[in-house]
Amino acid sequence: MRVDAWQLADIPDQAGRTAVVTGTTLGGLGHHTALELVRRGARVVLAGRTPERLRETGETIRAEVPAAELELLEVDLADLGSVRRAAETATAYGPIGVLVNNAGVMGTPRRLTTDGLDLQLATNHFGPFLLTGLLLPQLLASKDARVVTVSSNMHRIARRAPLGDPRAHGGRYAKWQVYGQTKLANLLFTYELDRRARAKELPLKALAAHPGFAGTHLAANGQYGRSRGGLATILDASVKAVSQPAAHGAWPVLMAATADLPGATYVGPGGLGELQGHAQVVTSTGLSRDADAQHRLWELSEEATGISYP
């Protein structure tokens, strides 16, 4: 029996729903996720580090959807103070139906944040963990909330979960192994959040998605801190030449955010190696399903960020 693949036309009406999408740089996954949600009538909060880039994405979306209802929220997920200030600003938005934790960095050299955390772990996991917790009252107020966290096939290279002291930074820095650990952390967080929500009968589902090999600026930004100029331009163009468009990479995120799916579902491309193709439910590693690792990372994350979830 043939089952029709999920497609953009399957996104239901989003009128009256507010969605917060982090990492909305023009042309990236967040931009395309936000664009399709506003097409369906959602009010979308574009959240990112740079006001100029937020405005650029907002203007581009409005050029396609003139009636788009957009808000701009400045937040640097690598800075826990910035996350707290952004969450305070976000209280003005009222109930939030969807939070898409999309922003991230990839393969950066060793750098510490102002909070003494590894840049990749802070941006990809600890910042989103704190933001989700701070927005939780507004998510629950929507009565039907969904938290979608963007992981990666690279979670499969992680040999262990990042369960050590997050402020201990000795030894050799294996940037790709650390990146894989952050993407594993995204899944551990998703599964534990969903388990906790079900245990307390909260009106919230947590799901994860990965874009496959999508032509975004993530690789160039990670290596050079920019997507344009010199070697950054060359790398950015090279990635786009051999990958699926970023708009297609957003399909699994959109399916996770809007389709009738149970919590703790992982969505990715259905093609060979999950590198590209139509969105479908996929599987993650056994390590990502380790309940003890999920619980331990949760406790470590509460301690590192200073938040205690209800």
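A cavity here is a set of grid points where a 1.4 Å probe fits but cannot get out, and its lining residues are those with an atom within 4 Å of a point. In this predicted model, the lining of the largest cavity is made up of Leu 136, Leu 193, Arg 196, Ala 197, Leu 202, Leu 204, Trp 298, Tyr 309 and Pro 310. Helix α5, spanning residues 175–199, supplies the largest share of that lining, with 3 residues. Sorted by class, the residues around the largest cavity come out as 8 nonpolar and 1 charged, with no polar ones. The volume of this largest cavity is about 80 Å³, and the count of cavities of 30 Å³ or more stands at 1.

Now for the open spaces. The second largest pocket holds about 490 Å³ of space. Its lining runs to 22 residues, and the ones closest to the pocket centre are Leu 121, Arg 160, Ala 168, Val 178 and Gln 181. Two or more residues of this lining come from each of α4 (119–141) and α5. Helix α5 gives the most, again with 3 residues.

Methods
Residues are numbered from 1 along each chain as its sequence is written. This is a predicted model: local features need pLDDT of at least 70, side-chain atom pairs count only at pLDDT 80 or more; totals for chains, interfaces and linings use all residues. Side-chain values use heavy atoms; hydrogens and water are left out. On a 1 Å grid over the protein atoms alone, a cavity is a set of points where a 1.4 Å probe fits but cannot get out, and a pocket is an open set with protein on both sides within 12 Å along at least five of seven lines; lining residues have an atom within 4 Å of a point. Grid points are joined across faces, edges and corners, and a volume is the space filled by probe spheres set on the points. Helices (H or I, at least four residues) and strands (E, at least two) are DSSP runs, numbered from the N terminus. Ala, Val, Leu, Ile, Met, Phe, Trp, Tyr, Cys and Pro count as nonpolar, Asp, Glu, Lys and Arg as charged, and the others, Gly among them, as polar.
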